[in-house]
Amino acid sequence: MANKYQAVRLITLLSGLLLGTLVSAELVVEEGFVRKPIPGRSMSVAFMSIRNTGAEDVVIKTAAIEGAKSVEIHTHSHQNGVMRMRQLHSLEIKSGQAVSLEPGGLHLMVFGIKTLPEKPHLTLCDDAKRCFQFPLSVRDLVKR
Ligand SMILES: [Cu+2]
């Protein structure tokens with residue numbers, strides 16, 4: 001009787017551990033693209049929607065894009081009617097929510113672009129140093 005009870009407890013413990021691995025952080029990047037830099041320039045921007053489909057909140061600390069030297073997370077803010085860019089050192093995406101990086105708001109500032117592959121990999125790493133990889137597309141500059 002005691003052994004049976006212990007077995008049940010062990011199974012509960014194991015399923016708890018299993019569940020722990022199953023509900024680990026999960027991010028999805030939708031509509032992700034990096035803009036080709038202006039000819040002669042090496043700096044550009046990347047936009048996307050980042051969705052957290054996991055059960056825990058994720059705090060993104062760093063971003064990297066294949067073919068670029070460095071990437072910063074930026075936001076825009078209005079100061080006395082002037083739009084300014086500001087670097088963020090973390091970007092929280094709550095469980096079940098999505099954050100949009102779009103023109104005029106949050107964006108990834110991409111530095112030191114030489115040649116972008118056709119589908120450059122975006123790597124996002126969180127505060128627990130877990131990294132997530134997603135393919136981006138490359139878009140030409142909007143022609144007016
Ligand atoms: Cu910026």
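Let's start at Glu-31, which sits in strand E1 (residues 27-35); helices (H or I, at least four residues) and strands (E, at least two) are DSSP runs, numbered from the N terminus. This is a predicted model, in which local features need pLDDT of at least 70 and side-chain atom pairs count only at pLDDT 80 or more, while totals for chains, interfaces and linings use all residues. Numbering starts from 1 along each chain, following the sequence as written.

**Overall make-up**

- The chain holds one helix and eleven strands, and reading from the N terminus the order is α-β-β-β-β-β-β-β-β-β-β-β.
- Of its 144 residues, 17% count as buried; buried takes 20 or more other C-beta atoms within 10 Å of a residue's own, exposed takes 12 or fewer, and partly exposed is in between, with C-beta atoms placed from the backbone.
- Among contacts with a separation of 6 or more, 68% come from residues 24 or more positions apart; a contact here has two C-beta atoms, placed from the backbone, within 7 Å.

**The nonpolar core**

- The largest nonpolar core has 19 residues, a core being a set of buried Ala, Val, Leu, Ile, Met, Phe, Trp, Tyr and Cys residues joined through C-beta atoms within 7 Å.
- Strand E2 (44-52), strand E3 (58-65), E4, strand E8 (107-111) and E9 each put at least two residues into this core, and E3 gives the most, with four.
- Val-34, Ala-46, Ala-63, Ile-65, Val-71, Leu-108 and Val-110 have the most contacts inside the core.
- What does Ile-65 contact, leaving aside neighbours within four places in sequence? Its partners are Val-34, Ala-46, Val-71, Val-110, Pro-120, Leu-122 and Leu-136.

- Strand E4 (residues 70-79) pairs with E5 in the antiparallel sense over seven bridges; pairing takes at least two DSSP bridges between two strands.
- One of the pairings to look at is Thr-75, whose bridge partner in E5 is Arg-86.
- Two residues lie between the strands of this hairpin, and Asn-80 takes a positive phi near 50° there.
- Is strand E5 (residues 82-88) largely buried or in the open? Zero of its seven residues are buried, so E5 lies largely in the open.

- Glu-31 counts as exposed because it has 12 C-beta neighbours inside 10 Å.
- Lys-129 isn't a glycine either, yet has a positive phi of about 65°.
- Where is Lys-129 in the fold? Look in the loop between strand E9 (121-126) and strand E10 (131-135).
- Lys-129 is exposed, because it has 8 other C-beta atoms within 10 Å.

- Val-99 belongs to strand E7 (residues 98-101) and counts as partly exposed because it has 17 C-beta neighbours inside 10 Å.
- Not counting residues up to four places away in sequence, Val-99 touches Ile-50, Leu-91, Ile-93 and Leu-106.
- Val-99 and Ser-49 are 50 residues apart in sequence, with 5.7 Å from C-alpha to C-alpha.
- Phe-132, in strand E10, is partly exposed because 17 other C-beta atoms lie within 10 Å.
- Leaving out residues up to four places away in sequence, Phe-132 touches Leu-27 and Leu-124.
- Phe-132 and Val-29 are 103 residues apart along the chain, and their C-alpha atoms are separated by 9.7 Å.
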